[in-house]
Amino acid sequence: MDALNIGNKIKELRNERDLSMEMLVSDINRLYGVKITKSMVSRWESNKNVPTLESMKCLVLYFNVSLDWFLGLTDKKTPPHLW
């Protein structure tokens with residue numbers, strides 16, 4: 001798992017939606033009942049740390065991207081629709 005890509009992808013996704021770190025943190029905590037902080041997001045985006053599996057799950061759900069893309073396993077950004 002390439003931490004550099006994950007941090008860059010989080011920042012890319014956040015910027016695409018014109019979200020501040022504070023807005024992202026607030027949304028994730030409210031929608032998924034997890035506790036992430038602005039400093040956690042900052043460390044992820046600066047490639048000093050990687051999100052936990054639980055945080056990754058919340059991020060891919062929130063941004064509607066494939067976990068495989070998020071982890072750098074595929075170029076397909078959008079998750080497949082199973083219905």
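Reply: Happy to. Let's begin with Asn 29, found in helix H2, residues 21-32. One thing to keep in mind is that this is a predicted model.

Me: Why is Asn 29 called buried?

Reply: Buried means under 20% relative accessible area. Asn 29 has 18% relative accessibility, so it counts as buried. Leaving aside neighbours within four places in sequence, Asn 29 is in contact with Val 34, Lys 35 and Ile 36.

Me: What makes those residues contacts of Asn 29?

Reply: Contact means heavy atoms within 4.5 Å. Val 34, Lys 35 and Ile 36 are in contact with Asn 29 in that sense, with neighbours within four places set aside.

Me: Ser 55 also has a label. Is Ser 55 buried or exposed, and how do you know?

Reply: Ser 55 lies in helix H4, residues 53-63. The cut-off for buried is under 20%, and Ser 55 has 7% relative accessibility, so it is buried. Not counting residues up to four places away in sequence, Ser 55 touches Ile 36 and Trp 44. Ile 36 is also among the contacts of Asn 29.

Me: Which other residues of H4 are buried?

Reply: Besides Ser 55, the buried residues of H4 are Met 56, Cys 58, Leu 59, Val 60, Tyr 62 and Phe 63. H4 is followed by Asn 64, whose phi is positive, near 55°.

Me: Now H3. How do you know that its buried residues line one face?

Reply: Helix H3 covers residues 38-45, and its buried residues are Val 41, Trp 44 and Glu 45. Seen down the axis of H3, these buried residues fall within an arc of 95°, so they line one face of the helix.

Me: What comes just after H3?

Reply: Just after H3, Asn 47 takes a positive phi of about 60°.

Me: What makes Asn 47 partly exposed?

Reply: Partly exposed is the range between buried, under 20%, and exposed, over 50%. Asn 47 has a relative accessible area of 25%, so it is partly exposed.

Me: Where is Asp 18 found, and why is Asp 18 called exposed?

Reply: Asp 18 is found in the loop between helix H1 (3-16) and H2. Exposed means over 50%, and Asp 18 has 68% relative accessibility, so it counts as exposed. Asp 18 has a positive phi of about 55° although it is not a glycine.

Me: On to the segment after H5. What label does Leu 71 get, and why?

Reply: Leu 71 has its place in the segment after helix H5 (67-70). With buried set at under 20% and exposed at over 50%, the 23% relative accessible area of Leu 71 makes it partly exposed. Leu 71 and Lys 11 are 60 residues apart in sequence and 14 Å apart in space, C-alpha to C-alpha.

Me: Let's zoom out. How do you know that the radius of gyration of the protein chain agrees with a compact globule?

Reply: With 83 residues, a compact globule would have a radius of gyration near 12 Å, and the protein chain has 12 Å, so the two agree. The C-alpha trace spans about 35 × 25 × 25 Å along its principal axes. Buried residues make up 37% of the 83 residues.

Me: What makes up the order of elements in the protein chain?

Reply: From the N terminus on, the elements run α-α-α-α-α, with 5 helices and 0 strands. Of the contacts with a separation of 6 or more, residues 24 or more positions apart account for 51%.

Terms used
Residues numbered from 1 in each chain as written. Predicted model: local features only at pLDDT ≥ 70, side-chain atom pairs only at ≥ 80, totals over all residues. Heavy atoms only, no water. Helix = DSSP H or I, 4+ residues; strand = E, 2+ residues; numbered from the N terminus. Rg over C-alpha atoms; globule rule 2.2 N^0.38 Å. Buried < 20%, exposed > 50% of the residue type's maximum accessible area, 1.4 Å probe, protein only. Arc of directions from axis to C-beta.
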